[in-house]
Every structure is written in C-alpha cells, then in structure tokens.
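Me: I am new to this one and would like to go through it piece by piece. Could you take my questions as they come?

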Amino acid sequence: METTKLPPSSPSSPTTSFSVPSAEKVDGFPRRSMRRARQRRSHSSSQFRYQSSQVELTPLPLLKDAPVAELHDLFCKKLQQCCVLFDFLDCVADLKGKEIKRAALNELVESVATSRGVLIEPLYPEAIKMISVNIFRTLPPSENPEFDPEEDEPTLEASWPHLQLVYEFFLRFLESPDFQPSMAKRYVDQKFVLQLLELFDSEDPREREYLKTILHRVYGKLLGLRAYIRKQINNIFLRFIYETEHFNGVAELLEILGSIINGFALPLKAEHKQFLVRVLIPLHTAKSLSIFHAQLAYCVVQFMEKDATVTEYIIRGLLKYWPKTCTQKEVMFLGEIEEILDVIEPSQFIRVQEPLFKQIAACISSPHFQVAERALYFWNNEYILSLIEENCQVILPLVFATLYRVSKEHWNQTIVSLIYNVLKTFMEMNSKLFDDLTASYKVEKQKLKKKLVADGVQGHLHLSSSVMHIKSKSSQAKVCYNLNDINQKVFCFPSKHKHYSKHF
Amino acid sequence: DSCSVVNRGFVCVCKSRFVFCFLQQRRRAGPAAAALWQKPRSAAQQRHSVTATESKMAGADGDDSLYPIAVLIDELRNEDVQLRLNSIKKLSTIALALGVERTRTELLPFLTDTIYDEDEVLLALAEQLGNFTMLVGGPEYVHCLLPPLESLATVEETVVRDKAVESLRKISQEHSPVDLEVHFEPLVKRLASGDWFTSRTSACGLFSVCYPRVSSTVKAEIRQHFRTLCSDDTPMVRRAAASKLGEFAKVLELDYVKSDIISLFTALASDEQDSVRLLAVEACVSIATLLPQEDLETLVMPTLRQAAEDKSWRVRYMVADKFSELQKAVGPEITKNDLVPAFQNLLKDCEAEVRAAAANKVKEFCENLPEDNREQIIMTHILPCVKELVSDTNQHVKSALASVIMGLSTILGKDNTIEHLLPLFLAQLKDECPEVRLNIISNLDCVNEVIGIRQLSQSLLPAIVELAEDAKWRVRLAIIEYMPLLAGQLGVEFFDEKLNTLCMAWLIDHVYAIREAATCNLMKLVEKFGAEWAQNTIVPKVLGMANDPNYLHRMTTLFCINALSEACGQEITTKQMLPVVLKMSNDQVANVRFNVAKSLQKIGPVLDSNALQTEVKPVLEKLASDTDMDVKYFAQEAISGECLSSSTIVDKLNT
C-alpha cells in the first residue's frame, strides 16, 4: 500500500513546492502541482512491487581488501547484492539496506574505473543483469498530465541515490579499457537497447543525461546494434510526431544523432536520406519544438554539410511546414534557415531562392516585429549578402514590393530603419534594377487604385462572390486575368512521396 | 470587346475535356512549368477540334452556366490554401456539373495527382471521396475512386490517413462482390505490403470490410496478410493491427478465430511494447464474446490474467478501464473465479491511475456480479478494498470512488448500507478534498431511496456548511447547484432550520457568479416550497437588502425580484416587491437605476395593467429623462417593451 508523505526536508520535495504560491495567486485555484506537493505518489513502486519478499542485506568485505583469488567472486556477490531494490518513497524504510547497497555500488564503480583485469567474461551477464534490474522499469504516469518542460519543474526520480550509481557503473563498465564488445554483445542485445531507449522518456533530466552518454558509448562500441538503434530512434520519433506528441528525451536523442550523422559515409544511403525527409523534417511540426530545436537544426545542418544535394529537400520541407500562427516558432525557423544559408552551396541556393525569398518577404511583412526583425537580420550576414548580390536579378523583384510597402506601413520603428538599410543595400547592389522596380511599383499602385475606384469591391475575387457575379461580363474578364496572373506564379512543393522516392 | 473574347475562350477551355491535362502538367512540373501554360493550350486547341461537337453542344446551353464551375476548378490549384480548400469542399458540385463520365476520366485522375497538397486540403478530399459513388456513375463505377483514396491512405498525417480509410470502408460496401475481388482487394494487398509504415497501418483497417464478401481463397490471403502485419517490424503497424484485431475477429469464421486470431492475440498481448499490449486488451473483449464459454478458459484467460498483472501500468489501466465489458464477455463463472481477485488487485494497485480507473468501475462490477452470491462476494472481497480506498492518498482515486460508491446501497439493501456503507459515506463527507465531498452530495438520491437521507443529515450538514464557505468559489458554486435537490430530500423544516441562512449568505458573496447562482437557487426553492413559504422566509430578507449601503447588494435585490416574481405570483409581486423597486429608482448609483428599469420590464408581465399604468409608467418616464445615458436607454427599452406587454394584456381583457 501507499507509503507516507515525504517530509519537507527530503531531497526531492523542494522542486515540487516552488511553483505553488505563484500559481495560487493567479486565480485562487491550485494547479496540479499543488496537489502534487501535498500527496507524493509512489515513484519507483512500479518496479518495487515485483519484489515479493524484502531481502535483508548483510555487508560484504571490501573489494580492496579481498585477496586476488577471491576478487571476482566477491565482485559477483556485490553485483547480486545490488539487484535488491528499495522503496525510496518511504525514506526511512530499511535505511541500513540502502546504505549497504549504496556502498557496494560505490565500490563497484570505483573498481571498474580504476583497477585493470576486473572485467572477466563471467561477470558480463551478472553486471548486465544488475543494470537491467535497476534501470529498466515502466516509467510512472506523469504527475502533471499537462507537463510543460519549459514551464514546470520536472518530477525527479525518487530512487536516484541508487540509480545514479548504477548508471555511473554502466558508464564506467562501457568505458573500461577491459571492456570487450564481443563479450558484451551477447548481453547488450536488441531487447536491452529497446528498453534503454524507452527510458529516454524519463522526466528526470539527470537520468536522460546519463542515458545519452551511455547510448552514445553503446552505439560507438557495439557495431552490430547501430542499424537497430537508428531504426528504433526512428520509431520513437514517428510515434512522437504522429501519435503521442509526447516524449521527454527528443533533444537527447537528437544530440546523439547529430554525432551519428557526422560519421555517415558518403554517398549517403537511401535509409539516411529517408530519415532526413520523413523524420527530421516533420519533427519541425511538433508543438514542443523549442525544447529540441537547437539539436534538430544541428542535425539538419550536419546532413547538408555531408551532402549538399539534400539542401533542396530541407528548404522545401521547412517551407512546407512553415508555422502559420506561432510566431515563436517562426523565429526559430528563420534561425534555422540562417544556419542553413550559412553553409549552403551557391548552386543549391539558386534552386531554392524563389520560394525561399517569397517566404522571407512574407516574414518581413509580419506584424510581429521579432519575426520581421529576424528575417531582416539575414542582410547582416556577409555570406548570405553575397548570395543575394549574385542573384539580385531574381531576389530583388521577389522582395521589393514587400520591402517598399512595409517600410511605409510598419508600426515598429526598428523594423522601418532595418528595411531602409536593406533597401539601401539593394540600391547599391543594382541601382538600375532598383529604379526600374520603383517605377513599375508606382505605376502598378496607380493602376490598382484606379481599378479599385472603377470596380468597387468587385476587385476582390472570392468564390462566393464570383458565383454571384457571373452575370457581369466585365467582371468575368477581370477574373480571368487575375487568375492567370496568379497561376503563372503557382508554386508547388514536390510530393514528399513521389518526388523524393524518385530521387532516393 | 477583347475582354469578353478572352473570357469566352477561357470558359471554352474549361469545358474542353483537356482542361485537366493542363492542370496536371502544371502542377506536376511546378514553377518551372509556368511557361508551359501556352503550349498545352495550343495542343488542346488542336485536340479541341475533335470534340468540337461536344463543345458546341455544351455551348448551346449558355456559357454562363458553367462559369462558376470554371472558377471552382481554377481554384483547385490556387496558391491560396483557403481557396483550394473551399473548392475541394465543393467538389461534389464540380463533379455534378461535369457529369459522371468526365468526373471519372478527368476529375479523378487530376485529383489523384493533387495528392501532394497541404494536409488540410487532403483531409477534405478524403472525406469528399467517400460520398462520391453516385457522382462517378453509381456502384458499377465506384472502383474509380480507389486510386486517389489509395494515395491518401499512404499520407504521413494520421488524420488524413484515417479519413481516407474511413472513406474506403464506406465505398467498399458499394462494390459488387466481383469488383471487390478485382479492384478493392488488390488495393488492400498493395497497402499491406507497402514500403513505408503508413500504407501498412491503413491496410489494417480494411481487412474486415472486404473479408466477408470474398471467395475462400482470397479470404485465406487476407488472413495471411493480417498475420504478417501483426508481427510487423514497426510498432506503429502492430498497434494498428492490434486495434483492429477485435473487429477482424468478428468477421472471421469461428474455426479461424480459434486457430488464427487466438495466436495473434496472444502474441500481441505479450509484445515488447506496452502500447501494443494495451490494445490487445481491447480486442480481448470482442474475442471473448465470440468464443463459446468452454473455450474461454484455455484460449483467453491465460492472456487476460497476464494483462491484469502486466508490469506496465498502462496495460493494467486498460484492464481496469475495460473491466465491465470484460466481465460481461467472460460470463459469471469466470468472473467469480478470476475477475474478482483480479479486480481486488487493481483496486490495490500501486499506481493511482489504475486504482482510480478501477474505483470508477466498482458499482458496475458489483451490479453485474451473478445474483446468487453477489452480496457475499461484495461483502467479503470488494468492500474491504473499497474501505481502504476511502482513505487513499490520492484524491483522484477518492473522488472516483465517491462518484460511484453511493450506487452500492441499492445493491446491498438497507441493513448492509447502514452497517457498512454509511460509515464510508460519512468519512468521505469529511474528506479534505472538496471534490470528494461534492461527489457524495451529488449522488445523495441513491441513498435516499434505500435508507432515507435523515441517516446522513447529522454529517451532511457540517459538510455542506464547509463546502458553502469553501475558499474556492467554484466549490461554492457546485454546492449551490445541489441545494434544490437537498432541499427536496431534507424537507422544508430541516431546510429552514439549517440551510436557509446559507442560501441568504450566498446573496452577498463577493463573487458575482455565486450571487447569480444564489438568485437562481432561490427561484428553484420557491418553485419547490411554494409562494407562501417565500413570502414568510425569503422575500422579507431579500427586500431588506434594498437598503444596504453596498450598491452591489442593492442590485442583488433587483436580480432576486427578477427571478422570483413569476414564482411568487401577482399578489406578492405587486404588493411587496413593486414598491421596493419603484423606491429604488431614486438610487444614487446609476447602475441600480438602470437595473430598476430592467427589472420593471422583467416583472411587467406579472403585474396587472392598472399597476403598470399608474405606478410603473410614471417611474419609467422619469428614468427616461435621467442624466445618465445608460439609464435613459434601458428606461426607453422598458417603455417600448412594457407597452407591448400591456397592450397584449389589454387585448386579452378585450377578447
């Protein structure tokens, strides 16, 4: 049954009590965090309940005092001792046992880290068993179903005092000079790795940090598992994108992938390109993008640096998933675009410049000044500026009307002055083109004014109105022109299914 | 008139059967193809001559008639997503205008090609196509709809894919058995063996709709495909298969259920991912329903027992959540032997989520126990667990229990309720969590039927008083809503003695929502206890507040009068309430004055025409010339409203 509440002095309770007063003030209603503080729930209990009877631990002799002949036997006994699990919710329960296990774990960590010749083959299954028993558990339900990783304090793992040492041991085990991948692979198998990956959903950032390093080592040392690890990460991401929209360890997994991508051989395999197009790019649609955007952008840029031909897919993909309402995300997208443009090859730039600069123009005219500002900062980047200059004939006509209009209309003074700078830059780049565009812009504007005056509201064509206006011949004619104009410019993003599959 | 020439040409082109060729080519080629606009036009013009007759015939009924359609078609490829979406939503109009043949030969191929649009457009398209059978020429041609839907069923976005599958399931019913084998089943097979997981997940939803109507060889193939997908490499596909397992089992012959489905069920229920295992629990209900009782023990129960003890709380939660269905599916014998201990374990689970889900099922589970030893099972096995849950550490568990526990009294009868349940109710009425207390109070009627509410009244009262004064206004609001119910069950005496003061205190709560609810509560009480009771207990207090120094309280008097006048009737309204309202028209605060105007309009229908003319009208006229704009406005509103109502009264008197 449930154990008692943690006293306020326990190590994990302060984190939960911070948010209470502020939340209380807002509307007089406690958020879940409040209830959480009042009733601590069992944490490691899911794991704990399977231990039918509690074993009494008795301290073993110290490893360092053991004669060499008995060292391995003692090591093994300590590993077995560490398989006993304790209830950390009841912080006063079996303190003696907890201390014995903690000391044993500490000794094991130290022994693996410092002394050579400890890791012999019979110890592998015992070590892996001890690790599995301790770390593999069904993660408990989140105490806060609306957990927002940016706002809320994470729930910390209650059994961390032991768990940390187990992770530490695992890490030292993998990093030990005595570590033999050929022996380990029998025990660190696919099933093991799958369970390890599931743990990345832990809400406790300390645990995820350990997992990240450990998975990285496993990927580095156990070559046979690499493809499997990549595939399972794929599955986790796809589940995150299309099914649950919830997974705490996306950033950590992306960080590992960043270094994995770095090591891809050229030419890129179809599998890797598929991963880019079908997993990494769609990850940009996630609601919680801000938590892992830096790592994601890093992965994307890594891909580009590996193989420039993926540039077009990346940029067209980002444009397809461009945020429509969330300006915070729009700023992130612009940041990523700048990172991409920083390393883009001029030949690739030409392939995407048209749709890209249409989007940039749209951002410049955003009423949210941070979006407009972020887009205009592109002109401060020397490399981007050189690309723009080379393709001025194409880019200037795309953005000119927007720049001109926004410079007259934007509410924010900073934006207006940034735009003036950009216009000035363009004028210096190609004054002839600039003058032509200014002239034609003014003529167009005059025309439009006249047209609007002449036609009244009919100038705006919409489906419903067009149906109502069918009797009016003159309006029909205009409709034709307008639609043709638009159609000339129709741009469509190539099918992610057809187009990509053709090329990969 | 060059404009109209262009226009005619345009309409003509749209009418030609080649219009979709342009659309297709330009979409496919993207921006670079913009220049191609001219080329296909001339090509089309050449070919156009071939179909000149058709064009002329179409032209005969007037160019204008198809114009809106031309616009719709054109907007299918507009740059603006919203316009494309609008157009897709009117797809049936386009198809109707084009006729069945051209819909089949031109529109559908074009749509099949559009598949790489925005997900929102695709969703609308997937939905539309499900209703397209008649528009392509009826069941005979329904298979024409398969290619675009097949593409949609492979899209990444889940909602689009699900909608496409839904439409495919719908049109599968319109296929003849032959067409089903020739066109539909091959599509299912293609999807089932697709490269990317999306098509395979979609396939899972289609097996059950075609299985019953195909030949036995094809049936064997379908079973094989389903088997393959159940052990797919991708967990997404296994989840899709697991979620359709029950549905598929229902259409299979019993022998195959035993041979095929059971092994798949067992495998999925012990999958390495808990998200797959929990879906198998859902399937368990359907499978158990299909099997004869004697097979359940060997075929289903080992898996179910294992699920109830699963190491993942999600799976155990699912078992708890589906417990009533499972109980019905396995029948009384197994329930007695297996489910009772399993249910006990779930009620004692270490995760609060699981306990709460199980607590929610307590009443239903007990109700459905075999009658012969229901009472004994509840008393010896279930009740001890329930007792523990009453003092659970988690409030969600307690409040889940509180919402159903009262239902046990009807099952256990009067004596057991008094002896065993009453202490639990009383404990929950004193619970620290208001939600628990509210849940008990809101279900009082169940107990009332069995033992009468008097048994509880001693504990009920402090609980109600405490809730009534809770610091959270939402809690106060919730308890107010139960007041009329409580008043009805406790009777007028008890109410006057204990609860009346509470009801009046709410009228001066500092939260408007509470005052408003309190007003409404008074009205319901008067409806229950009658006008005389109101005159004696409520009206004097309400009217007394008209002299309160706080204008908000004075306004509350007006709101109460608005609510009570009808229930109290003409006499009380005219003699007691009206003078107070009229007096308040001189209030210093404009808000009070315009509420006087509003009140007068509101109580007008209750008053007789004499009072209206002699007393109300002069006051309203005075208010209509008030210095405050809002007072004037509402007074004028009231006068025009009043005239209407008074004239109808006059009319009534005349007739």
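Me: How far is the sulfur of C83(A) from the closest cysteine sulfur?
Reply: In this predicted model, the distance is 7.4 Å, and the partner is C82(A). A disulfide needs the two sulfur atoms within 2.5 Å, so this pair is too far for a bond.

Me: And is C83(A) buried or exposed?
Reply: C83(A) is buried, its relative accessible area being 16%.

Me: How many disulfides does the structure hold over all chains?
Reply: Zero, counted over all chains.

Me: Changing topic: where is confidence lowest and where is it highest in chain A?
Reply: The lowest mean pLDDT in chain A, 32, belongs to helix α26 (residues 498-503), while helix α17 (residues 327-343) has the highest, 95. Residues 1-52 of chain A have a pLDDT below 50, although the model gives this stretch 105 contacts beyond near neighbours in sequence. For residues 457-504 of chain A, pLDDT likewise stays under 50, with 90 contacts beyond four places in sequence. Where pLDDT is low, the predicted coordinates should not be read in detail.

Me: What does chain A average?
Reply: Its average pLDDT is 79, and 79% of the residues score at least 70.

Me: On to chain B. Where is E353(B)?
Reply: E353(B) sits in helix α22 of chain B, which covers residues 352-360. At 24% relative accessibility, E353(B) is partly exposed.

Me: Which residues of chain B does UniProt list for a domain?
Reply: An unreviewed UniProt entry lists residues 145-326 of chain B as "Phosphatase 2A Regulatory Subunit A helical". Over that range the chain is 79% helix and 0% strand, with the end C-alpha atoms 39 Å apart.

Notes:
Residues numbered from 1 in each chain as written. Chains lettered and ligands numbered in written order. Predicted model: local features only at pLDDT ≥ 70, side-chain atom pairs only at ≥ 80, totals over all residues. Heavy atoms only, no water. Helix = DSSP H or I, 4+ residues; strand = E, 2+ residues; numbered from the N terminus. Buried < 20%, exposed > 50% of the residue type's maximum accessible area, 1.4 Å probe, protein only. UniProt positions renumbered as here; feature names shortened; annotations may be inferred. pLDDT = per-residue confidence, 0-100. Contact = heavy atoms within 4.5 Å.
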